[in-house]
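Look at the model below.

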Amino acid sequence: MMRLTMTAELPTDPNAAVALQDRLRGSVETTVAEPFRVRTVAGLDSAYDDRGSVVAAVVVLDAATLQPIDTATARGNVSFPYVPGLLAFRELPTTIAALEKLGTTPDLLICDGQGIAHPRRFGLACHLGLLTGLPTIGVAKTVWGDYVEPGPARGDFGDITIEGEVVGRAVRTQPGIKPVFVSVGHRIDLDTACEQVLALTPKYRQPETTRRADHLCRMLLREN
(Lines give C-alpha, C1' and ligand atoms only; values in the text may rest on other atoms or scores of the structure.)
Protein backbone atom coordinates (compact mmCIF):
# COMPACT_ATOMS: atom_id res chain seq x y z
CA MET A 1 0.00 0.00 0.00
CA MET A 2 1.20 3.50 -0.79
CA ARG A 3 2.04 5.63 2.24
CA LEU A 4 2.00 9.42 2.42
CA THR A 5 5.18 11.25 3.44
CA MET A 6 3.27 13.99 5.30
CA THR A 7 0.06 13.97 7.30
CA ALA A 8 -2.50 15.95 5.35
CA GLU A 9 -3.87 19.11 6.89
CA LEU A 10 -7.37 19.65 5.51
CA PRO A 11 -8.75 23.01 6.64
CA THR A 12 -12.41 23.72 5.92
CA ASP A 13 -12.03 27.50 6.13
CA PRO A 14 -10.74 29.38 3.04
CA ASN A 15 -8.55 31.75 5.07
CA ALA A 16 -6.88 28.80 6.79
CA ALA A 17 -6.38 27.13 3.42
CA VAL A 18 -4.65 30.22 1.99
CA ALA A 19 -2.41 30.36 5.06
CA LEU A 20 -1.51 26.69 4.59
CA GLN A 21 -0.59 27.24 0.94
CA ASP A 22 1.58 30.21 1.93
CA ARG A 23 3.30 28.12 4.61
CA LEU A 24 3.94 25.03 2.48
CA ARG A 25 5.04 26.59 -0.81
CA GLY A 26 8.59 27.18 0.45
CA SER A 27 9.04 23.40 0.66
CA VAL A 28 8.40 22.82 -3.05
CA GLU A 29 11.50 21.58 -4.91
CA THR A 30 11.80 22.75 -8.53
CA THR A 31 14.78 20.58 -9.46
CA VAL A 32 14.91 16.93 -10.48
CA ALA A 33 15.25 14.47 -7.62
CA GLU A 34 18.14 12.11 -8.37
CA PRO A 35 18.17 9.34 -9.35
CA PHE A 36 15.26 10.16 -11.67
CA ARG A 37 13.93 7.12 -13.48
CA VAL A 38 10.30 6.85 -14.52
CA ARG A 39 9.12 3.27 -14.86
CA THR A 40 5.58 3.91 -13.63
CA VAL A 41 3.51 7.07 -13.82
CA ALA A 42 0.18 7.81 -12.16
CA GLY A 43 -2.64 10.08 -13.26
CA LEU A 44 -5.09 11.60 -10.80
CA ASP A 45 -8.49 13.06 -11.50
CA SER A 46 -11.70 13.97 -9.67
CA ALA A 47 -15.29 14.46 -10.75
CA TYR A 48 -18.42 15.80 -9.08
CA ASP A 49 -22.15 15.30 -9.37
CA ASP A 50 -24.87 17.86 -8.70
CA ARG A 51 -25.62 16.37 -5.27
CA GLY A 52 -22.27 17.31 -3.74
CA SER A 53 -20.61 13.91 -4.17
CA VAL A 54 -17.04 13.63 -5.43
CA VAL A 55 -15.14 10.68 -6.83
CA ALA A 56 -11.38 10.39 -7.25
CA ALA A 57 -9.41 7.98 -9.41
CA VAL A 58 -5.73 7.13 -9.67
CA VAL A 59 -4.46 5.12 -12.64
CA VAL A 60 -0.86 3.87 -12.75
CA LEU A 61 0.62 3.19 -16.19
CA ASP A 62 3.79 1.48 -17.32
CA ALA A 63 5.80 4.43 -18.61
CA ALA A 64 7.20 2.46 -21.57
CA THR A 65 3.96 0.92 -22.86
CA LEU A 66 1.37 3.29 -21.34
CA GLN A 67 -0.62 0.24 -20.28
CA PRO A 68 -2.40 0.32 -16.88
CA ILE A 69 -0.88 -1.70 -14.07
CA ASP A 70 -2.83 -0.44 -11.04
CA THR A 71 -5.91 1.62 -10.22
CA ALA A 72 -7.57 2.94 -7.07
CA THR A 73 -10.72 4.95 -6.44
CA ALA A 74 -12.50 6.71 -3.60
CA ARG A 75 -15.81 8.47 -3.00
CA GLY A 76 -16.71 11.33 -0.71
CA ASN A 77 -18.80 14.44 -0.20
CA VAL A 78 -17.55 17.94 -0.90
CA SER A 79 -17.23 20.00 2.28
CA PHE A 80 -14.99 22.84 1.09
CA PRO A 81 -16.58 25.83 -0.71
CA TYR A 82 -15.81 26.63 -4.34
CA VAL A 83 -13.05 29.27 -4.21
CA PRO A 84 -10.74 29.90 -7.21
CA GLY A 85 -7.16 29.08 -6.26
CA LEU A 86 -8.32 26.71 -3.50
CA LEU A 87 -9.80 23.92 -5.60
CA ALA A 88 -7.22 21.49 -4.21
CA PHE A 89 -9.03 21.52 -0.88
CA ARG A 90 -12.21 20.22 -2.53
CA GLU A 91 -10.30 17.33 -4.08
CA LEU A 92 -7.62 16.42 -1.55
CA PRO A 93 -9.67 14.25 0.87
CA THR A 94 -10.90 11.79 -1.77
CA THR A 95 -7.67 11.97 -3.79
CA ILE A 96 -5.64 11.06 -0.72
CA ALA A 97 -8.04 8.22 0.08
CA ALA A 98 -7.55 6.84 -3.44
CA LEU A 99 -3.75 7.18 -3.30
CA GLU A 100 -3.62 5.28 -0.01
CA LYS A 101 -5.37 2.33 -1.68
CA LEU A 102 -2.74 1.96 -4.41
CA GLY A 103 -0.83 -1.31 -4.30
CA THR A 104 2.18 0.29 -5.99
CA THR A 105 4.09 3.52 -5.46
CA PRO A 106 4.50 5.29 -8.81
CA ASP A 107 7.68 7.10 -9.82
CA LEU A 108 5.80 10.18 -11.05
CA LEU A 109 2.41 11.81 -10.47
CA ILE A 110 0.50 13.75 -13.15
CA CYS A 111 -2.24 16.01 -11.73
CA ASP A 112 -5.14 17.41 -13.70
CA GLY A 113 -4.49 20.89 -12.35
CA GLN A 114 -1.84 23.46 -11.55
CA GLY A 115 1.58 23.18 -9.99
CA ILE A 116 3.40 26.46 -9.35
CA ALA A 117 1.43 28.15 -12.18
CA HIS A 118 -0.93 29.33 -9.46
CA PRO A 119 -1.59 32.70 -7.79
CA ARG A 120 0.27 31.58 -4.65
CA ARG A 121 2.62 29.25 -6.57
CA PHE A 122 1.03 26.28 -4.79
CA GLY A 123 -1.56 24.39 -6.81
CA LEU A 124 -2.84 20.83 -6.39
CA ALA A 125 0.28 19.26 -7.93
CA CYS A 126 2.52 21.01 -5.39
CA HIS A 127 0.31 19.93 -2.51
CA LEU A 128 0.21 16.29 -3.61
CA GLY A 129 3.94 16.31 -4.31
CA LEU A 130 4.70 17.36 -0.75
CA LEU A 131 2.20 14.88 0.70
CA THR A 132 3.60 11.93 -1.25
CA GLY A 133 7.23 12.97 -1.58
CA LEU A 134 7.03 12.02 -5.27
CA PRO A 135 7.99 13.98 -8.39
CA THR A 136 4.77 15.64 -9.48
CA ILE A 137 3.64 17.64 -12.51
CA GLY A 138 0.60 19.84 -12.99
CA VAL A 139 -1.02 19.55 -16.42
CA ALA A 140 -4.01 21.88 -16.65
CA LYS A 141 -6.58 22.49 -19.37
CA THR A 142 -6.87 26.18 -18.43
CA VAL A 143 -4.29 28.74 -17.40
CA TRP A 144 -3.65 31.23 -14.62
CA GLY A 145 -1.78 34.33 -15.77
CA ASP A 146 -0.52 35.05 -19.28
CA TYR A 147 1.08 32.81 -21.86
CA VAL A 148 2.78 32.97 -25.22
CA GLU A 149 0.86 30.96 -27.83
CA PRO A 150 3.14 28.10 -28.90
CA GLY A 151 3.92 27.30 -32.52
CA PRO A 152 1.67 24.88 -34.40
CA ALA A 153 3.84 21.75 -34.21
CA ARG A 154 3.81 19.05 -31.56
CA GLY A 155 6.38 19.96 -28.89
CA ASP A 156 6.20 23.71 -29.49
CA PHE A 157 5.76 25.73 -26.32
CA GLY A 158 5.40 29.24 -24.92
CA ASP A 159 6.10 30.55 -21.43
CA ILE A 160 3.36 31.02 -18.84
CA THR A 161 3.96 34.07 -16.66
CA ILE A 162 2.31 35.46 -13.54
CA GLU A 163 3.36 38.99 -12.56
CA GLY A 164 6.33 38.68 -14.91
CA GLU A 165 7.61 35.41 -13.42
CA VAL A 166 7.85 32.30 -15.63
CA VAL A 167 5.80 29.64 -13.85
CA GLY A 168 5.19 27.06 -16.57
CA ARG A 169 4.73 26.40 -20.28
CA ALA A 170 1.87 26.13 -22.71
CA VAL A 171 2.80 22.94 -24.58
CA ARG A 172 1.39 21.87 -27.95
CA THR A 173 0.95 18.12 -27.55
CA GLN A 174 -0.73 17.58 -30.94
CA PRO A 175 -0.55 19.65 -34.14
CA GLY A 176 -3.32 22.20 -34.45
CA ILE A 177 -4.85 21.36 -31.04
CA LYS A 178 -5.09 23.73 -28.06
CA PRO A 179 -2.05 23.49 -25.77
CA VAL A 180 -1.99 22.10 -22.26
CA PHE A 181 -0.51 24.12 -19.41
CA VAL A 182 2.41 22.43 -17.70
CA SER A 183 4.02 23.46 -14.44
CA VAL A 184 6.28 21.96 -11.81
CA GLY A 185 4.55 20.37 -8.86
CA HIS A 186 7.46 19.04 -6.81
CA ARG A 187 10.88 17.39 -7.23
CA ILE A 188 11.12 18.02 -10.97
CA ASP A 189 12.22 20.85 -13.27
CA LEU A 190 10.22 22.40 -16.08
CA ASP A 191 12.26 20.93 -18.95
CA THR A 192 11.86 17.42 -17.56
CA ALA A 193 8.18 17.99 -16.83
CA CYS A 194 7.53 18.98 -20.44
CA GLU A 195 9.49 15.97 -21.73
CA GLN A 196 7.39 13.66 -19.58
CA VAL A 197 4.13 15.25 -20.72
CA LEU A 198 5.08 14.81 -24.38
CA ALA A 199 5.96 11.17 -23.74
CA LEU A 200 2.45 10.70 -22.28
CA THR A 201 0.63 12.32 -25.22
CA PRO A 202 1.39 10.18 -28.27
CA LYS A 203 -2.13 10.53 -29.74
CA TYR A 204 -4.25 13.02 -27.83
CA ARG A 205 -4.08 16.46 -26.25
CA GLN A 206 -4.25 15.18 -22.67
CA PRO A 207 -1.74 12.77 -21.10
CA GLU A 208 -2.83 9.12 -21.17
CA THR A 209 -2.69 9.17 -17.38
CA THR A 210 -5.28 11.96 -17.19
CA ARG A 211 -7.47 10.45 -19.91
CA ARG A 212 -7.67 7.10 -18.16
CA ALA A 213 -8.25 8.59 -14.71
CA ASP A 214 -10.96 10.85 -16.16
CA HIS A 215 -12.66 7.85 -17.82
CA LEU A 216 -12.61 5.93 -14.54
CA CYS A 217 -14.12 8.93 -12.70
CA ARG A 218 -16.95 9.15 -15.22
CA MET A 219 -17.68 5.44 -14.78
CA LEU A 220 -17.80 5.88 -11.00
CA LEU A 221 -20.23 8.78 -11.26
CA ARG A 222 -22.55 6.76 -13.48
CA GLU A 223 -22.57 3.99 -10.85
CA ASN A 224 -23.39 6.44 -8.04
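Strands (E, at least two residues) and helices (H or I, at least four) are DSSP runs, numbered from the N terminus. Strand 1 gives the most to the lining of the largest pocket, with 4 residues. This is a predicted model: local features need pLDDT of at least 70, side-chain atom pairs count only at pLDDT 80 or more, and totals for chains, interfaces and linings use all residues. Residues are numbered from 1 along each chain as its sequence is written, and side-chain values use heavy atoms, with hydrogens and water left out.

A pocket, on a 1 Å grid over the protein atoms alone, is an open set of points where a 1.4 Å probe fits, with protein on both sides within 12 Å along at least five of seven lines; lining residues have an atom within 4 Å of a point. The largest pocket is lined by 25 residues. Nearest its centre lie Leu 87, Glu 91, Asp 112, Gly 113 and Gln 114. Strand 1 (40-48) and helix 2 (88-99) are the elements that give two or more residues to this lining.

The second largest pocket has a lining that includes Phe 36, Arg 37, Pro 135 and Arg 187.

Now the cysteines. A disulfide is a pair of cysteine sulfur atoms within 2.5 Å, and the structure holds 0 of them. Cys 111 is in no disulfide; the nearest cysteine sulfur, that of Cys 126, is 8.9 Å away.
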